[in-house]
Amino acid sequence: MITISPNRTPTARRGSSILVRMRNRCKTTVATMWRAALLGAATLGCGVAAHAQDSFSVVIDKGADRIRIAVADFKQQTPSPASASYKRAFDATLYADLGAAGIFDLVSKSVIPQVTPGFPVEINLNAWASPPTGAAMVAFGNLSVQNDRLVVNGFLDDAKNPQYPQIFAKQYNEQANEDAARQIAHRFADEIIARLGGGVTGIAETKIYYVRILGANKEIWEMDYDGANQHAITKLGATSLSPRISPDNSRLAFSTLDPRFGFQIKMYSLLLNRLVTFPASGGANISPAWAPSGNQLAFSSSRTGQSEIWVSDPEGRIAHKLTSFGLGSSPTWNPKTGAQIAFISGRTSLPQLYIMDSDGSGVQRMTDGGYATSPSWSPNGQFLTFAWNRKYGPGAPGGQDIYVMEITTKRWIQLTHDIGRCDFPSWSPDGRHIVFANDPDGRADHTRIMSMLADGTEKHALTGSGADMPNWSWK
Amino acid sequence: MTAPSQALKLTASAALLSLLLAGGCHKKQPTNTAGSGVDGAPGLTSDGVAPTATLTADPLTIEQGASVVLNWRTTNATSVTIDGLGTLPVNGTQTVSPANSTNFHLVAKGDGGTVESNVRVTVLVAQPPTTGNTTGQVADTDTNGAAMGSAAEFAANVQDVFYDYDSFDLRPDAVTAAANAARYLNAHPAIRVLVAGYCDDRGSAEYNITLGENRANAAKTALVNAGVSASRLRVVSYGKERQFCTEDNESCWQENRRAQFTLDR
């Protein structure tokens, strides 16, 4: 019925799509099927209970024709303990990145040839192409430390094309340390994904910004997409919330509780490593959101009384009000078009999810009840993910879970179940992953950050206790 | 200022409880729930004797940089933790210097269950004294006399306003509290007031800041309508960022859903 064409040709590899199937109820015939520009896993079982609405499920199709790729441990060229630890970090990171990409049939390291090839002349491709390895592609290379520089040569070979096997070769050279080993592995993985993913971009080099809970204070922290390399950005000794990274990774907007003036928008330059000017105003000023152009910032402000959605430039100038209903917060732009904004408003009592054009016109309510918060718009523009407690109210504690809604039909699926309170979902730039905050036991300071595929599978924690409000970088 | 904020809190919640009993708008009374307020009533037990815990702080209100002594006593507890201080002896004292107003949250575990106890330490952020008198403490009464009143009088007369969940409408008890507060503030025109909006722990942090702002504004509007000049009132929403208590039950949620008035220095 509806074919939402992803930004790839119809003949492209089937492994690169989420199929969203609408069902009248579980296990009945598929009524509608369409494809979105997301990708991933095998067909889901019937995981969604029948509701009054026609339920549907997100099916990330990993496809039978996923490329089978083998990764050799890299050959250590310089015999030092430091080199050995860089090599371990590199090997583990590269293997995890290619597995997490969800587009490969990654060969277990227990069935790869014993000999470690460091260079193209050292690889016996026939051994890698034959059972039990049976790889179509082989990633391999070598690693050395030279004058305090970590030098990595990475190769990707097509095992089924022995005459001209090399797909690419790449050299990386960084100041030698373990973080550099991980970052180089991320870059090499993203290069492989870019070459083989049929239009899918890798996310191994992306970052996640989040709130670190430190006693009474909340600071803004940064980590790699896989939870490694967690470190502080701000050291304000205050309560800072809602970090939002600019599309070009240069600036971080958030809100900080000023004891005198309440919550105010703050702007931090990641190039200058300090706060830059953003004017304070009356009332509560919270939940900034970047337009995909990077030229505008939407946020919630009660400077004229009620909390409304406002838009200004990134320096806080030419601020103007978009809504006039009250209790508005948590805007998020359509990152594909920049022409729409989703937001939360409590104008009809409990907070609900709305969308509108970015000039404030055409307001549409998306949720039919419950308590909806924290929307994030999918990179392809077709879906919203948000936190929703459908049974919110006295005597019906219910659960706050992560949902995905298809915007054109308002049909939704629930991605988390019975793992405690979930909030602040944020899409990865490839649209295939969602990071979110999870409070497993009701204690706010036990909140942690988890990641999952956009169909709700492969959930895993990225942090321990004390991390909240994740925001995935745009690239 | 030596505002007995704990006493204020207890008075306010006692008043609230009686209203709840009269109104019957909440089906569950917090009589059998664990650890509300400071007393640390025993929690549900499986076997063994339920632990009890009491956490106190002296003084309850300090200037920024000053110290406060935490004192805790437990019975039938095998382990005691206080957020931010880690695992501690089952009975003890500790001197702390919190930089900001802090809720100290104690969890005592024993064979008979778990019990919690809270105490709130209010830290006054130093502001230039409005009278120019460097001794500060006595300046209020010395120079302004009746116009300024005392902190204790303020606490007794200007009490927190409580709200229903996801609501910023003034309930009948809140209308009464606001009217009493306005009467006192009109009689003491030198007092400036910080009206702080708070929300319970449920729901989302961002939305709750807007809700807290509306709660504080509703309380401010009630005072203004009763004749208090808006220029004497400053509104700040804390959302769910500065919780009075952290238990997962209605009595604690109600404590948190409030607009709180404090002397604005």
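Two strands are taken to pair if DSSP finds at least two bridges between them, and the legends below apply this to a predicted model.

**View 1. The pairing of β9(B) with β12(B) in the predicted model.** Strand β9(B) is joined by 2 bridges to strand β12 of chain B, residues 258-263, and these strands run antiparallel. Within this pair, Val161(B) stands opposite Ala259(B) in β12(B). In general, strands of a sheet pair through backbone hydrogen bonds, in either a parallel or an antiparallel manner.

**View 2. The open sheet of chain B and the helix that packs on it.** The sheet has 4 strands in the order β9-β12-β10-β11 of chain B, and its pairing is mixed. Its edge strands are β9 (161-162) and β11 (233-239) of chain B, each of which pairs on one side only. Helix α5 of chain B, spanning residues 205-225, packs on this sheet and touches β10 (193-198), β11 and β12 of chain B, while the direction of the helix makes about 155 degrees with that of β11(B).

**View 3. The disulfide between Cys245(B) and Cys252(B).** Over all chains, the structure holds 1 disulfide, and this bond joins Cys245(B) to Cys252(B) with an S to S distance of 2.3 Å. The torsion about the S-S bond of Cys245(B) and Cys252(B) is about 120 degrees, and the disulfide is therefore right-handed. Residues count as buried under 20% relative accessible area. Cys245(B) is buried because its relative accessible area is 4%, and Cys252(B), at 1% relative accessibility, likewise counts as buried.

View 4. With a relative accessibility of 1%, Cys199(B) counts as buried. A further cysteine, Cys422(A), has 0% relative accessibility and so counts as buried.

**View 5. The interface between chain A and chain B.** On the side of chain A, 47 residues are in contact with 32 residues of chain B. The size of an interface is often given as the accessible area that is lost when the parts come together. Between chain A and chain B, the buried area is about 3,000 Å², with carbon and sulfur atoms giving 50% of this area. The count of salt bridges between chain A and chain B is 5.

**View 6. The salt bridge between Asp201(B) and Arg421(A).** In this close-up, Asp201(B) forms a salt bridge with Arg421(A), and the closest N and O atoms of the pair are 3.9 Å apart. This distance qualifies because a salt bridge requires a side-chain nitrogen of Lys or Arg within 4 Å of a carboxyl oxygen of Asp or Glu.

Conventions
Residues numbered from 1 in each chain as written. Chains lettered and ligands numbered in written order. Predicted model: local features only at pLDDT ≥ 70, side-chain atom pairs only at ≥ 80, totals over all residues. Heavy atoms only, no water. Disulfide = S-S within 2.5 Å. Buried < 20%, exposed > 50% of the residue type's maximum accessible area, 1.4 Å probe, protein only. Contact = heavy atoms within 4.5 Å. Axes fitted to C-alpha atoms, helices over the stretch in contact; angles between N-to-C directions. Buried area = accessible area lost by both parts, 1.4 Å probe.
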